[in-house]
Amino acid sequence: MNNTFSLDGFFGSGMVFQRGRICRIWGTCPQGAQVSAALNGQSCAVICADGTFEVSLPAQEASVENTVEITCGGETVVLEDVCFGDVFLLSGQSNMQLEIARVMDVSGNEILSADCPLVRHFTVEPRYFFGRQADEIVPAQWKKGVYPEVMGMSAAGFFFGRRMQAELGVPIGLVLNAMGGSTIEAWLPEELLPQFGDYAARIMDFYDHDAFAGRISGEEQAKGEWIRSLETDAEAACAAAIPVGAQPYSVPSMTRGTDMEGYSGSVWFYREIELDEAPQGEGLLYLGDIIDSDRTYINGQLVGETFYRYPPRKYPVPAGLLTKGKNLIACRMVIDGTVGGFVPHHPYFLDTGTQRIELSGEWLMKPESRAAQPAPPVLFPPVLPTGLYNASLYPLRDVQFAGVLWYQGESNVEDPDNYNEKFDAMMTAWRELLGQKLPVVCVELCDYIDPTSADTEVPADWRRMQEMQLRQPEFTADCAVVSARDLGEKLELHPQRKQELGERLAQKALELICGR
């Protein structure tokens, strides 16, 4: 029995409710307690029979700076700066999730000057449940579209919201419910899985949450032991000086097709530069995209490290570290699989504050510790069927939305068959769960070639997925598609041109949802 009074984690000051719809507010309270909610002279009250409550306020017109008070016994929770406008669910995988901080290279001026306080953003913390469903959302802050709060928002979502707010003149709420690497099956309810294959067999062992957590913990421990097995006592020396026997290596390039192809383990890469004067302020080292992880040094001092392959390496260089004359950049790379390296078509440079030094070209390379086998795999929950539906979507069942934005498909490229049917089944299930029409705007994937593969053109399965996405409106009612095909380099899984994508999404939403 619950004996505390609290609101669900979705509710907070600065939030946006969907205009023109009944506003539901829920949470927990002592059994038998009365809970009331008040807004602009309107109020309602309920008696809680089972330790949970839900109160409903009448539909409202678009408005700003409202105060909502929820009272239980002698306790009152006050939600301030509440808006009523249009709320959109942003879902899919990493390209929808990608934070605006990751697109500073192409949209920096727009971001630093962001002043859209009526664009509000809430992030649903991804969780995974199997064989059961979550009832609550993990608490998070509603952020405003102003710098620096905007830095934690979905990049595509913010630029979409900014355009929608300008066009409609009402507050825009963005509820980000996306997870990098997730498959479409992860967003399906379990009862729909049998029509698409024996997916249930993949999750039965995880109905026991302790078993699920234990499996991940054990595999992460094995991966950690693999990484530690590569460590040596000579790292400080290797970071500070080029070792004897280092061989030329062209950056950027991958190890495929070189003597290093098939190598798993740690490797050192070196680039020596010479400066006419010692820089006075902080600099920036930009090392594009590295597969898989790195620790990077300048003149023997660690300037940054990244533990997986996708984020651009943008490492601040402390003032005083660079000196007049020779300076050494040393990058310790760990290759998890059998192909790694510096991904082409990304920036590689050192900005000293007064000059930019291109780092593409000849480096020196020296293997450090070769592993007997590639890194052991670690269970990746976003690919597991139904986990995200149960834990991240189901708790939103009483939230009202104007529509959905969907950017996903990368994790289904290897098995694109039935994607249209799966998406239609997913949207039917979502609409039933939320009890809403839920128009949806989808994104056609950008062109992409995996840098670790031998492909020189976009693979046929990737093209097949793009074709299926373009055809989705033939399968799903109230559905439209925009393309991201042209928004990135072919070796770039996460294109930075999210401002253009957001504009395209907004234009299509205005047509589909608003009839413009």
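A search of the whole structure, which is a predicted model, turns up zero disulfides. Take cysteine 83: it has no disulfide partner, and the nearest cysteine sulfur, on cysteine 23, sits 12 Å away.

Cysteine 446 is in no disulfide either, and its nearest cysteine sulfur belongs to cysteine 442, 16 Å away. Is cysteine 446 buried or exposed? With a relative accessible area of 2%, cysteine 446 is buried.

Now for the charged side chains. How many salt bridges are there? The count comes to 31. Here are three of them, with the distance between nitrogen and oxygen.

| Salt bridge | N to O distance |
|---|---|
| Arginine 313 and aspartate 294 | 2.7 Å |
| Glutamate 474 and arginine 471 | 3.1 Å |
| Arginine 497 and glutamate 500 | 2.7 Å |

Let's start with arginine 313 and aspartate 294, whose closest N and O atoms are 2.7 Å apart.

Next come glutamate 474 and arginine 471, which meet in a salt bridge through their side chains. Glutamate 474 counts as exposed because its relative accessibility is 57%, and the cut-off for exposed is over 50%. Arginine 471 has a relative accessible area of 38%, so it is partly exposed.

The side chains of arginine 497 and glutamate 500 meet in a salt bridge as well. Arginine 497 is partly exposed, at 31% relative accessibility. Glutamate 500 is partly exposed too, with a relative accessible area of 34%. Elsewhere, salt bridges with shared partners link Glu231, Glu235, Arg295, Arg332 and Glu368 into one network.

Finally, a look at the surface. Which residues gather there in a patch of negative charge? They are Glu272, Glu274, Asp276 and Glu277. Glutamate 277 is found in the loop that runs between strand S13 (265-275) and strand S14 (283-287). Why does glutamate 277 count as exposed? Because its relative accessibility is 57%, and exposed means over 50%.

Note on methods: Residues are numbered from 1 along each chain as its sequence is written. This is a predicted model: local features need pLDDT of at least 70, side-chain atom pairs count only at pLDDT 80 or more; totals for chains, interfaces and linings use all residues. Side-chain values use heavy atoms; hydrogens and water are left out. Patches are made of residues with over 30% relative accessible area and no salt bridge: like charges are joined within 9 Å, nonpolar side chains (Val, Leu, Ile, Met, Phe, Trp, Tyr) within 5 Å. Accessible areas come from the Shrake-Rupley method with a 1.4 Å probe; for residues, only the protein chains shown count as cover. A salt bridge is a side-chain nitrogen of Lys or Arg within 4 Å of a carboxyl oxygen of Asp or Glu. Lys and Arg count as positive and Asp and Glu as negative; His and the chain ends are not counted. The place of a charge is taken as NZ of Lys, CZ of Arg, CG of Asp or CD of Glu. Helices (H or I, at least four residues) and strands (E, at least two) are DSSP runs, numbered from the N terminus. Buried means under 20% relative accessible area, exposed over 50%, partly exposed in between (1.4 Å probe, protein chains only). A disulfide is a pair of cysteine sulfur atoms within 2.5 Å.
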